[in-house]
Amino acid sequence: MAPLPGRGLAKGLAVTLRTMTRRSVTAQYPDVQPELPPRSRGVIGLLEENCTVCMLCARECPDWCIYIDSHKETLPAADPGARARTRNVLDRFAIDFSLCMYCGICIEVCPFDALFWSPEFEYAETDIHELTHERDRLREWMWTVPAPPALDPAAEEPKEVAAARKTADKQAAAAAAAREAAAAPAAVSPSPDSAEEQQDS
Amino acid sequence: MRETTVGIGSGAENVTELGTSDMVLNIGPQHPSTHGVLRLKLVLDGERIVSAEPVVGYMHRGAEKLFEARDYRQIVMLANRHDWLSAFSNELGVVLAVERMLGMEVPERAVWLRTLLAELNRVLNHLMFLGSYPLELGGITPVFYAFEGRETLQHVLEEASGGRMHYMFNRVGGLKEDLPAGWTGRVRAAVAQVRAQMGRIDDLVLGNEIFRGRTAGVGVLAPELVHAYGVSGPIARASGVDFDLRRDEPYLAYGELGDVLRVAVREEGDCLARFECLLEQTHVSLDLADACLDRIAGLAPGPVNLRLPKVLKAPEGHTYAWTENPLGVNGYYLVSRGDKTPWRLKLRSASYNNIQALTELLPGTLVADMVAILGSMFFVVGDIDK
Amino acid sequence: MDVTPVRTSGTSGTSGGHSAGHGHGHGAPAGGPVPLGIPDPARPGAAVEQRRLGPLARLAPDPVKVVLNWGRRYSLWCFNFGLACCAIEFIAASMAKHDFIRMGVIPFAPGPRQADLMIVSGTVTDKMAPAVKRLYEQMPEPKYVISFGACSNSGGPYWDSYAVTKGVDQIIPVDVYVPGCPPRPEALLQGILKLQEKIAGESLAERYADGPDAAPAAPRVPDAALRRPLVGGPGSGPAAGASGAPRSGADR
């Protein structure tokens, strides 16, 4: 018996119809978020409280895509004799992500840790002006910043840890000296607990 | 090459209407058979190419001029973008030049890590071409395997540097930061995985009769032409010019890797030899990466970068640093007048010299072979035009 | 004698914004088919690039338009204008791991004439710009453009270069901008999803209508800007400049 004409087509379409109703088993991007390493350079988050408007990031940016506006504010003097102090107030902090080249220099130069990388990447826009993220949007990204990865055991200690350890060692030495001093005469010793706390942290 | 002579009657060659005239054919700048925006102006006599002229400049972005307005850290960021397939090697050349000007000694750990990352980057670059070259010849499968390997390696590189293509991990005086914990183990696994997959490209492409038929004996590049045009890298070595900076003028830690570093050389100089060189080099690079990992495991803990002055100024003078990039010799001529920006930073890019040989290589071949020859020249258009 | 003014005032009374259209010489009746492809003195580029809609797309009732949009959004034959680094990430997005064919983006368009979507990935240089515009004009309507990466968004790292076009939207209208340098493949997938959302919600009649809100976001550049006369070398002296000046004047 000769096969019916169009049998193959019908068979193919039947497969299509059958699979159309099933859920897909692929676990890929739009259904599942990719697992990105914490160092991944996706978007920059701003922690505004840390920003002192030193303009280092805006100056060091290789294509100058950070816009900062600020003004000076005079704080009234605390006591009548003291001078009035001025401080910088951030008016605008914006990063133009249509220009940004994701090099991370701004984050590297920031002396007060106000900028952070976040691996988020979902911010394609239909209007190019919306790619300039103003400070509120940059702040939103801040909440997606992951903790940095632990360093390789052979790595040099990060300078923050090294500095903390130095202080702790100094305090421990001071406490030990005080204890020795306390052992001889009955003097008041500074509490050694504070040094230990430092070490723990 | 098979030639068919079609009889068109006696004396036809003298009759203008029947005699053929040359045809000028533009390939590119946007053409599926070229990767990137290289334009070729061919003069054809029937199917045969009479003369060929690569028209460059469609990707000229003036990077050298932009270098002059940026300080050394900012340059690193721009330098990795001209040859986008070997970003790490490009960063390396710039920082090596600046470090030499400053007389800087980079920590040992940084040197070995740089070597490792440069070799991983070389594998990434070669995988791209190992996949795209068969694609240009009509085989669509290998590129999927090649990109599987690329994704594996890109993932570990992203974990360390944060970027998939433009790592921005080099700094003057070392690397940006140290590795995350456990990274070396994951690199070792990734290298092993890529090595296990390499066999598929060996079998699928190199053992393929059609592939061999289209590449063997096609586009033979003579060693004299290699010297005349300054061709370098795997293309030069496929023509028997045994020159590899990693061995002949070792930089980074290559001097200590002499027992692992085999330089792939072929004598034939045809498209097949160029492909074989690239493939063998990929295997060698994977071995080198493993050797680097072994050494890094045995190194004493230490820093990966030097502390730099707040304003980094190269002293007045000039220097020339060259590195064996995946595609050939890249040179960086740095002239400084003591400012924080270079007065001039000239790039000698491998692809630019390599494709110039096309003017000699293409005439006399058939149009169908043009694709095979062009693909086997392994160029990146950004590296040509800068 | 006085019938005509009464009717005119009646028309302008019912639809206020209409009198401006009459001033240009091609009034569109309210609610009727939108005039398309008619040279408009206000838009110099429009005559060169005729944007036409078939009667089906124009007159179809809304449910049919929904179906048409659904068809459009899931069969985007895409033409990759791969120029630089981003093209590699584009290829990565089309490969087995990310595979945008599962979203209906088909990267096998034989050429621009068979494509619906152009993805400009990479630096557009001034030398390349005429080719980009020309290939875009060869694409059939409706056509969409994704600008992939910083370079095609705004020139990116090369924004201050003498040879680079500061964003592809200077020469062609762009629908979706994907940020990144280069953006990761998932970012392209998100850009595609964004474009599909846009296609689903759009009405072609509005897209091609002449109006302040329907016009593409990008400012139109006259074609003459892309065909500047050659700049004479230093040796050619003032003669080249003198011959160049009136020609550009005539173009304008």
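Predicted model: local features only at pLDDT ≥ 70, side-chain atom pairs only at ≥ 80, totals over all residues.
Residues are numbered from 1 along each chain as its sequence is written, chains are lettered from A in the order in which they are written, and side-chain values use heavy atoms, with hydrogens and water left out.

Over all chains, the structure holds 41 salt bridges (a side-chain nitrogen of Lys or Arg within 4 Å of a carboxyl oxygen of Asp or Glu). One of them joins B:Glu148 to B:Arg200, with the closest N and O atoms 3.5 Å apart. This pair links distant parts of the chain. B:Glu148 sits in helix α5 (residues 141-161) and B:Arg200 in helix α6 (residues 183-206), 52 residues apart. Helices are DSSP runs (H or I, at least four residues), numbered from the N terminus. B:Glu148 is partly exposed, at 36% relative accessible area. B:Arg200 is also partly exposed, at 29%. Here buried means under 20% relative accessible area, exposed over 50%, and partly exposed in between (1.4 Å probe, protein chains only).

Helix α6 of chain B also carries B:Arg195. Its side chain meets that of B:Asp290 in a salt bridge of 3.0 Å, N to O. B:Asp290 lies in helix α11 (residues 271-298), so the bridge ties together parts that are 95 residues apart in sequence. B:Arg195 is partly exposed, at 28%. B:Asp290 is buried, at 16%.

A further salt bridge joins B:Arg246 and B:Asp244, at 3.0 Å from N to O. B:Arg246 is buried, with 1% relative accessibility. B:Asp244 is buried as well, with 0%. Both belong to a salt-bridge network that also includes B:Glu119, B:Arg122, B:Arg237 and B:Glu324.

Between chains B and C, 31 residues of chain B are in contact with 33 residues of chain C (heavy atoms within 4.5 Å). About 2800 Å² is buried between the two chains, 65% of it from carbon and sulfur atoms. This buried area is the accessible area (1.4 Å probe) lost on putting the two parts together, summed over both. Four salt bridges are counted between chain B and chain C. C:Lys97 forms a salt bridge with B:Glu151, with the closest N and O atoms 3.8 Å apart. On the side of chain B that touches chain C, α1 (63-67) and α5 each give two or more residues. Helix α5 gives the most, with seven residues.
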